[in-house]
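Please open the structure in your viewer and keep the sequence panel beside it.

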Amino acid sequence: MHLGNYLGAVKNWVNMQEYPDTERYYCVVDLHSLTTNYVSDKDSKDQIESQEQTLKTAANLIACGVDPKKSNLFIQSHVPAHSELSWILMCMTPMSWLNSMIQYKEKRKKEDSTSVALLNYPCLMAADIILYQPSMVPVGDDQRQHLELTKLLIQRINALSGLELRVPDVIKSEHQRVMSLKNASNKMSKSDRSIRSRISLIDDPEMIKEKIRRAKTDSLGSITYDPNRKELYNLLNIYASVKDIPASNLEDYLADDNMFSFKMKLADGLIDKICPIGERYQALLQEEDRLLEILEQGAKGANLKADKTLATIRKGLKM
Ligand code: ADP
Ligand code: NA
């Protein structure tokens, strides 16, 4: 996981655990990760997201503060209803809705090396949501279009079945988009080939310093909070998030800084925030049995809820 996942999504998940009278379902989407892994005979084995990778992501979430006592934390493929509902949703989805998805357009390659699953991905994501009948979905701004599709699909199920499935609100995080450190026009992403484009949650202090020192900026020396200076703007937004200070106060806060001294402050702030997560993560990986037990419990709770919703939908559709 990277800083974009943390500031754009997981930090919010952790904060939501304090909402009273609510239940939470958080999952590691191992099925989603398959969409790009098997499409060619030539896909190398190390590209294949292993069970180990899935466990590591779960450990990362716990290290970030997702508390299995407060939330159902589980692995997507441990709850078969996700696959079944996604098929039903695919049958309700016109091709044109999926063809226009920005994330698909960004990720697809030539037709021969793009899986059908990559196109269908938003239907699986809609299933991930609909099964839990949530009132709120906390995701980053990059998922807005997929959420819109989810709403359309809920309306379609309701129209076809007479059910009244709830249309959830999207809860946006304060920090909607963390951009790449190399190219501030792209979001920070694990699919970016350059590892210098992102801060990983397991980076050590030296790596963080090095990545921030080399992060692309413009040649104006002063620090101004200006969306037109998009590289600096991105770094300032990251700084505001990790230090929990309002972006509007940044210029005052950094009035005496130049690009270099600001970058050092940013690196220190990131080290304070990120490195303890990395340490908790490494410790958890030493306790694999405990991790598996947590995920088994999480799947139990999730299966109960998901099977119930799926049965309701099947009945409503007279399947
Ligand atoms: P990636 O783009 O690296 O593959 P995912 O698609 O797995 O990341 O995203 C997981 C979660 O993290 C989503 O809720 C998404 O909104 C959020 N997220 C991912 N990248 C960013 C980013 N750069 N800025 C803000 N949120 C992000
Ligand atoms: Na993504």
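Domain bounds, as used here, come from an automatic or database domain assignment. With those bounds, the protein chain is divided into domain 1 (3-177 + 287-316) and domain 2 (195-283), and the C-alpha centres of domain 1 and domain 2 lie 29 Å apart. Select the place where the two meet: the contact draws ten residues from domain 1 and nine residues from domain 2, two residues being in contact if their C-beta atoms, placed from the backbone, lie within 7 Å. On the side of domain 1 that touches domain 2, α1 (3-16) and α3 each supply at least two residues, and the residues of that side divide into six nonpolar, three polar and one charged. In this classing, Ala, Val, Leu, Ile, Met, Phe, Trp, Tyr, Cys and Pro count as nonpolar, Asp, Glu, Lys and Arg as charged, and the others, Gly among them, as polar.

Before going further, note that this is a predicted model, in which local features need pLDDT of at least 70 and side-chain atom pairs count only at pLDDT 80 or more, while totals for chains, interfaces and linings use all residues. Residues are numbered from 1 along each chain as its sequence is written, and chains are lettered from A and ligands numbered from 1 in the order in which they are written. Colour the chain by pLDDT, the predictor's confidence in each residue, from 0 to 100: the protein chain averages 93, and 97% of the residues score at least 70. For the complex, the predictor gives an ipTM of 0.95 and a pTM of 0.89.

Of the 15 residues around ligand 1, G4, G8, A9, G140 and K187 come nearest, and by class the shell has four nonpolar, seven polar and four charged residues.

Helix α13 has 29 residues and reaches 41 Å from its first C-alpha to its last, close to the 42 Å expected at 1.5 Å a residue, where the expected span is 1.5 Å times one less than the number of residues. Which residues of α13 are buried? They are I294, L295, G298, A299, A302, A306, L310 and I313, where buried means that 20 or more other C-beta atoms lie within 10 Å of a residue's own, exposed 12 or fewer, and partly exposed in between, with C-beta atoms placed from the backbone. What covers these buried residues includes β1 (25-28), α3 (51-64), β2 (72-75), α4 (81-92) and α8 (144-161). Just after α13, K318 takes a positive phi of about 55°.

From there, select N158, which sits in helix α8. Its C-alpha atom and that of G316, 158 residues apart along the chain, are separated by 8.6 Å. N158 counts as partly exposed because 15 other C-beta atoms lie within 10 Å.

Finish with two loops. Q133, in the loop between α7 (116-130) and β3 (136-138), has a phi near 45°, a positive value in a residue other than glycine. D244, in the loop between α10 (230-243) and α11 (250-253), has a positive phi near 50°, and D244 counts as exposed because it has 9 C-beta neighbours inside 10 Å.

Terms used:
Helices (H or I, at least four residues) and strands (E, at least two) are DSSP runs, numbered from the N terminus. A residue is near a molecule or strand if its C-beta atom, placed from the backbone, lies within 6 Å of it.
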